[in-house]
Amino acid sequence: MKSFLKSCTALALAVSFSGQAVAQVKEVGAGEGQLNIVAWAGYIERGETDKNFDWVTKFEEATGCKVNVKTAATSDEMVALMNEGGFDLVTASGDASLRLVAGKRVQPVNIDLIKSWSTVDDRLKDAPWHTVDGVHYGVPYMWGPNVLMYNTNVIKTAPTSWKVVFEEMTLDDGKSNKGRVQAYDGPIHIADAALYLMTHKPDLGIKDPYQLNEDQYKAALDLLRQQRQLVGRYWHDAFIQIDDFKNEGVVASGSWPFQVNLLKADKQPVDSVFPEEGVTGWADTTMMHVDSANPNCAYMWFEHQLSSNLQSDLSVWFGANPSVPAACTDGRGMQNAEGCTANGMDNFEKVKFWTTPTTKCATQNDQCVPYYRWVSDYIGVIGGR
């Protein structure tokens, strides 16, 4: 964790982007034989978890690029791994992507070499979490919400608020929620507290959960210290959270649709909701390391990841939304229009997407608390300080 703090602090302070960057790759040649990717759990599947979900094997057969995956549990871990080097690609969320650009860990992408770029959702093509001064630093992969997952045997009426994970209460089984809820083990969870306060303490004047002045930030930390008394475990590993819901008595937590889907497939008593306060979310971009040793294989993957059958199947597998809208309707994969609607495809504008907090912020006159403090203070919260 200390190494994460050091790397995050350095990168969070590097908020200025100088010069007009240009893509290093001018043409795609023969593959180098391998491709090393840092990815979220469930993003790069080869049929080992479920034989029906495999978008790696055919890529390897077609390109000769053997895919090696390092699973990362948090955005801070992704930044640390990319800072260390040795990887070609990373599926970065918005709270990591601009740090990687500012830290010069990723290189601009030559979109002219990606034939399927035109199929990308127009809402994502120039998104600010991967586009700087008109330069693209990645290829959109998948996006989705952070949902409230709950045990339907214990919470019989679907919760309408995040209150169940922030404030002590008696649940439908007559027992307290204390010790039976979880929270995300990442500094970006401060934004979830801020989002809750936007509704429940409007006098704080929070306009954006990632843009907090000192008073707003203190209120968010105070809420998280209160939550600390309820949390049985802070989660960052999706599969450990799944086990906790199955075997350790956890009944409510912020989660990803990925865990919800796997638990439902295992016939576990879980469901999820979008609470009334709204949700944070992630829009993930595949970005290329500045010193990638396998750039040709990387560009082959850029093209592969935009194929609508991969996007469709990944959308079903992860319970998220494809970056290629046609994947919802063209029938090339498992997804359909109804499934995309259920995953929130039409709610893009309602999701507060993860982004890196910086001092410079429009809503608070450039007086916001920067991310390096989020990192150190959240470590303190988890540690009981």
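Author: A search of the whole structure finds 3 disulfides, a disulfide being a pair of cysteine sulfur atoms within 2.5 Å. This is a predicted model, in which local features need pLDDT of at least 70 and side-chain atom pairs count only at pLDDT 80 or more, while totals for chains, interfaces and linings use all residues. Residues are numbered from 1 along each chain as its sequence is written, and side-chain values use heavy atoms, with hydrogens and water left out.

C65 and C297 form one of these disulfides, with their sulfur atoms 2.1 Å apart. This pair links distant parts of the chain, 232 residues apart: C65 lies in the loop between α2 (57-63) and β2 (66-71), and C297 in helix α11 (residues 295-305). Helices (H or I, at least four residues) and strands (E, at least two) are DSSP runs, numbered from the N terminus. The link of C65 and C297 is left-handed, with -80° about the S-S bond. Both C65 and C297 are buried; buried means under 20% relative accessible area, exposed over 50%, and partly exposed in between, with a 1.4 Å probe and protein chains only.

Another disulfide joins C328 to C340, at an S to S distance of 2.0 Å. Here, too, distant parts of the chain are linked: C328 is in the loop between β14 (321-322) and α13 (337-342), and C340 is in helix α13, 12 residues apart. The link of C328 and C340 is left-handed, with -90° about the S-S bond. C328 counts as buried because its relative accessibility is 6%, and C340 counts as buried because its relative accessibility is 2%.

C361 and C368 also form a disulfide, and their sulfur atoms are 2.0 Å apart. The link of C361 and C368 is right-handed, with 95° about the S-S bond. C361 has a relative accessible area of 3% and is therefore buried; C368, at 4% relative accessibility, is likewise counted as buried.

The pairing can also be stated for the protein as a whole. When the bonded cysteines are numbered in sequence order, the pairing is 1-2, 3-4, 5-6. In that order, C65 is joined to C297, C328 to C340, and C361 to C368.
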